[in-house]
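This briefing goes through selected local features of one protein model. Please keep the sequence and the structure in view while reading.

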Amino acid sequence: MTCAIIDDEPLAADLLASYARKTPFLELSGIYNSAIEAMRVLRTKPVDLIFLDIQMPELSGLEFATILPTQTMVVFTTAFDRYAVESYKVNAIDYLLKPISYETFLHAANKALKTYETQQNIITASKPQERFIYVKSEYKLVRIFLDDILYIEGLKDYVQIHLDTPQKKVLCLMNMKTLEDYLPQPEFMRVHRSFIVHMPKADTIDRLRIVFGDNYIPISESYKDVVQQYINEHTLI
C-alpha cells in the first residue's frame, strides 16, 4: 500500500516517515512540507494513503482532502482536536493527535489496510474473468472456451482437447504440464498421467473411472486421493 506524508513541520514529518518505513505493508512514496507541493506530484503519481496534517499555510489539510480522488484514504495528523468532526465529513480513516506514537500510527495504518483490501477485492470481483485460451492446431490459433472443455487427453507430444461442442475435439502441439499449470484448479483436475478432467462436466464417477457419455477416463492410484477429496466435498448423502 503506497503512502505519502504531508506536514509543514519537518520533525513531525520525519517521525511519521520513520514509522512508515518500518511498517511492512506500507511503501513510502514521498514526504511533502505543504499541500501545494504534494498536489503537484500526487496529481500524476497518486498514492493509496496520505498521512495529512490539518493546519498548513496556503491550503489546509481539510481543504486538500476535498480535492483528492475518492479512493485515496486519509489519516489526519494534528495537534488540535477541534477538527475531528470536520475530518469525518471527508471520510477520513482516522484522526491522530500529536505527539503520535508508533502504536497509534500502526493502528490507523491497519484500519487503512482493511479498507484497501476491501477495495481491491471489489475491483478483482468486478473484472470479467478470461474464460478462454488460444491453442495452436494445424498451423492456426484456435480459441477454446474453458466452459466447453470436457477433458484433455495426453498423446505423446500432443494433447487432444475434448469439447462439449459440435467441434468435438482439437489436437494441438503442447504438453500436459503446461495446460495443468494454466487451468484453474480444482475445476480442472489431473486424474491420470494422460488425462485432465473438467470436473463439473463429469456425468458419472464409477469407482476408478469418470464417465463422459460412452467414454471412460481412468483415475490412477497416484491421483485417487485428491480426486476422492474433491468428490467428498461435492457429495450430498
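Tyr-158 is partly exposed, at a relative accessible area of 39%, where buried means under 20%, exposed over 50% and partly exposed in between (1.4 Å probe, protein chains only). The model is predicted, so local features need pLDDT of at least 70 and side-chain atom pairs count only at pLDDT 80 or more, while totals for chains, interfaces and linings use all residues. Residues are numbered from 1 along each chain as its sequence is written, and side-chain values use heavy atoms, with hydrogens and water left out.

**Surface patch**

- Tyr-158 belongs to strand E9 (residues 158-163); helices (H or I, at least four residues) and strands (E, at least two) are DSSP runs, numbered from the N terminus.
- Together with Leu-155, Leu-171 and Leu-173, Tyr-158 makes a nonpolar surface patch of about 360 Å².
- Patches consist of residues with over 30% relative accessible area and no salt bridge, with like charges joined within 9 Å and nonpolar side chains (Val, Leu, Ile, Met, Phe, Trp, Tyr) within 5 Å.
- Accessible areas come from the Shrake-Rupley method with a 1.4 Å probe, and for residues only the protein chains shown count as cover.

**Helix H1**

- Helix H1 (residues 10-21) has 12 residues and should span 16 Å at 1.5 Å a residue, which agrees with the 16 Å between its end C-alpha atoms; the expected span is 1.5 Å times one less than the number of residues.
- The buried residues in H1 are Ala-12, Ala-13, Leu-16, Ala-17, Tyr-19 and Ala-20.
- They cover an arc of only 160 degrees around the axis, which puts them on the same side of H1; the arc is that of the directions from the helix axis to the C-beta atoms.
- Leu-11 and Arg-21 are exposed, on the face of H1 turned away from its buried side.

- In strand E4 (residues 73-78), 6 of 6 residues are buried.
- Met-73, Val-75 and Thr-77 point one way from E4, and Val-74, Phe-76 and Thr-78 point the other way.
- In a regular strand, side chains alternate between the two faces of the sheet.
- E4 pairs in the parallel sense with strand E3 (residues 49-53) over 5 bridges, and Leu-49 stands opposite Met-73; two strands pair if DSSP finds at least two bridges between them.
- E4 also pairs in the parallel sense with strand E5 (residues 94-97), over 4 bridges, and Thr-77 stands opposite Leu-96.

**Salt bridges**

- The count comes to 11 salt bridges, a salt bridge being a side-chain nitrogen of Lys or Arg within 4 Å of a carboxyl oxygen of Asp or Glu.
- Asp-147 forms a salt bridge with Arg-131, with the closest N and O atoms 2.6 Å apart.
- Asp-147 lies in the loop between strand E7 (140-145) and strand E8 (149-155) and Arg-131 in the loop between helix H5 (102-126) and strand E6 (132-137), so the pair ties together parts 16 residues apart in sequence.
- Arg-131 also forms a salt bridge with Glu-187, with the closest N and O atoms 2.8 Å apart.
- This pair links distant parts of the chain, 56 residues apart, with Glu-187 in the loop between helix H6 (176-182) and strand E11 (188-192).
- Asp-147 is partly exposed at 41% relative accessible area, and Arg-131 is partly exposed at 26%.
- Lys-177 forms a salt bridge with Asp-181, with the closest N and O atoms 3.2 Å apart.
- Lys-177 and Asp-181 are 4 residues apart in helix H6, which means a separation of about one helical turn.
- Lys-177 is partly exposed at 47% relative accessible area, whereas Asp-181 is exposed at 52%.
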